[in-house]
Amino acid sequence: MPLTDETAQDPQPSSPPPPPPAAGGVDGAARMPRWLPRAMVLALTLVACFQLGSWAFHQLLSLLINILIAFFLALAVEPAVSRMASHGVRRGLATFLVFFAVLIASVGFVVLLGSMLAGQIIEIVEDFPKYLDSLINWTNQNFRTELSRVAVQDSLLHSDWLQRYVQNSASGVLDISTTVLGGLFRLLTIFLFSFYFAADGPRLRRTVCSVLPPAKQAEVLRAWEIAVDKTGGYIYSRGLMALISGVAHYILLEILGIPYAPVLAVWVGLVSQFLPTIGTYLAGALPFLIAFTVAPWYALWVLGFVVIYQQFENYVLQPKLTARTVDIHPAVAFGSVVAGTALLGAVGALIAIPAVATLQAFLGAYVKRYDVTDDPRVHGHRRRGAGRTLARMRRALRRGPLRRGGPRVPPPRADSGA
């Protein structure tokens, strides 16, 4: 039977009707969750608070460092203030007397050193033509040149780099004055904060403990006492090293006949110990300059002695004294200074050792320790049977691998002639 057009075509399957549109004419799958706007607002708020906190922290970083220095300075003078207060002196008056004594000693030393330095600079300027003539004569004799002092002075006075240096120096006077005033203001800020910390020490401790439970109060007070002991020990060790350094350099300067030897020795001792990182170079520069006014070879002797003594102090004297007074390992002391310098520069190097010593002593109470077994290996000795075991292993290796299924061949003897 022939198929018609209707039966020849394959009917297409009918698709289901589309779902009715949601309310409002919007698909339900594309609707925004209700929590998303609030999450976006919260995320933006957190980012804004973080940026604001980061900006405030960087703006107040200098003040925070000054407060940290003042706190450690207050810990350093705490034993002297507490001793005077225990004898009936008011704590505020005791703190004032201690800081006044430190201020008088510092100002007297600076004035004495400044007058000595000014006199030596005037002497160097007056003797500069003589030094220049001796240098020109030495150059003409060794290099066969025909230099003269007048020609050298004219070339220096009419050189472009000297004129640019004078102009830059004149324009930098204001910057130097601003730096000096900023340093004095920072020093005043540190002294004020340290005075308040030392004078109101008991009140500050009560304020901190008032927001803590009784168990935590005992821990905070114990940590405070440890910090006072360790900081005082660190200052004591620095003072002792300054005394040893001053005596050693005084002997050298007296042997060479350098003028103002006592003042220079005190300068080297104090600056090299209480100005970390750059104190060593500043301490050695002034004796080198003064020795150069006496004789250039004396300056070389001073430079060599400063370099050798600094190596002795850094690797022998300082680790031993620090380990005795602050009670930390020399390697830990050296590592703490390196870490403090990397974090806070010179300030970090100055306060790193007492901070690490305080943390080590405070955490030592919470570390459980056990008795060490009586084993020779603890003391660096080998066990008695270790040598015999090692000899057996060596003989077995010399025999070589055994053949499977065959007899073992003994090693040849030394007297068999093999």
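Q: Why is Met 241 called buried?
A: Its relative accessible area is 1%. Buried means under 20% relative accessible area, exposed means over 50%, and partly exposed lies in between, as found with a 1.4 Å probe on protein chains only. Met 241 is therefore buried. The structure is a predicted model, in which local features need pLDDT of at least 70 and side-chain atom pairs count only at pLDDT 80 or more, while totals for chains, interfaces and linings use all residues. Residues are numbered from 1 along each chain as its sequence is written, and side-chain values use heavy atoms, with hydrogens and water left out.

Q: Where does Met 241 lie, and which residues does Met 241 contact beyond its neighbours within four places in sequence?
A: Met 241 belongs to helix H10; helices (H or I, at least four residues) and strands (E, at least two) are DSSP runs, numbered from the N terminus. Beyond those neighbours, Met 241 is in contact (heavy atoms within 4.5 Å) with Gln 273, Tyr 309, Glu 313, Leu 317, Gln 318 and Leu 321. The C-alpha atoms of Met 241 and Leu 317 are 7.9 Å apart in space, although the two residues are 76 apart in sequence.

Q: What makes the pair Gln 273 and Glu 313 a polar contact?
A: The two side chains approach to 2.7 Å. A polar contact is a pair of N or O atoms within 3.5 Å; within protein, one must be able to donate a hydrogen and the other to accept it, and residues adjacent in sequence count only if both atoms are side-chain atoms. The distance of 2.7 Å falls within that limit, and the pair therefore qualifies. Gln 273 lies in helix H11 (residues 261-274) and is called buried because its relative accessible area is 1%. Leaving aside neighbours within four places in sequence, Gln 273 also contacts Arg 238, Met 241, Ala 242 and Ser 245, besides Glu 313.

Q: How do you know that Arg 91 and Glu 78 form a salt bridge?
A: Their side chains meet at 2.6 Å, N to O. A salt bridge is a side-chain nitrogen of Lys or Arg within 4 Å of a carboxyl oxygen of Asp or Glu, so the pair meets the criterion. The structure holds 1 salt bridge.

Q: Are Arg 91 and Glu 78 buried or exposed?
A: Arg 91 has a relative accessible area of 16% and therefore counts as buried. Glu 78, at 7%, counts as buried as well.

Q: What makes Tyr 260 partly exposed?
A: The relative accessible area of Tyr 260 is 42%, so this residue is partly exposed. Tyr 260 sits in the loop between helix H10 (214-256) and H11. Its phi is near 55°, a positive value in a residue other than glycine.

Q: What forms the nonpolar patch on the surface?
A: Val 294, Trp 297, Tyr 298, Leu 300, Trp 301, Leu 303 and Val 307 form the patch, with about 760 Å² of accessible area together (Shrake-Rupley method, 1.4 Å probe; for residues, only the protein chains shown count as cover). Patches consist of residues with over 30% relative accessible area and no salt bridge, where like charges are joined within 9 Å and nonpolar side chains (Val, Leu, Ile, Met, Phe, Trp, Tyr) within 5 Å. Tyr 298 has 31% relative accessibility, so this residue passes the area cut-off. Helix H13 (residues 296-325) gives the most to the patch, with 6 residues.

Q: Which residues have the most contacts inside the largest nonpolar core?
A: They are Leu 113, Ile 258, Leu 264, Trp 267 and Leu 286, in a core of 20 residues. A nonpolar core is a set of buried Ala, Val, Leu, Ile, Met, Phe, Trp, Tyr and Cys residues joined through side-chain atoms within 4.5 Å. The largest share of this core, 6 residues, comes from H11. Leu 113 touches Val 263, Trp 267 and Leu 286, not counting residues up to four places away in sequence.

Q: How many helices and strands does the chain have, and what share of its residues is buried?
A: The chain has 16 helices and 0 strands. Of its 418 residues, 25% count as buried.
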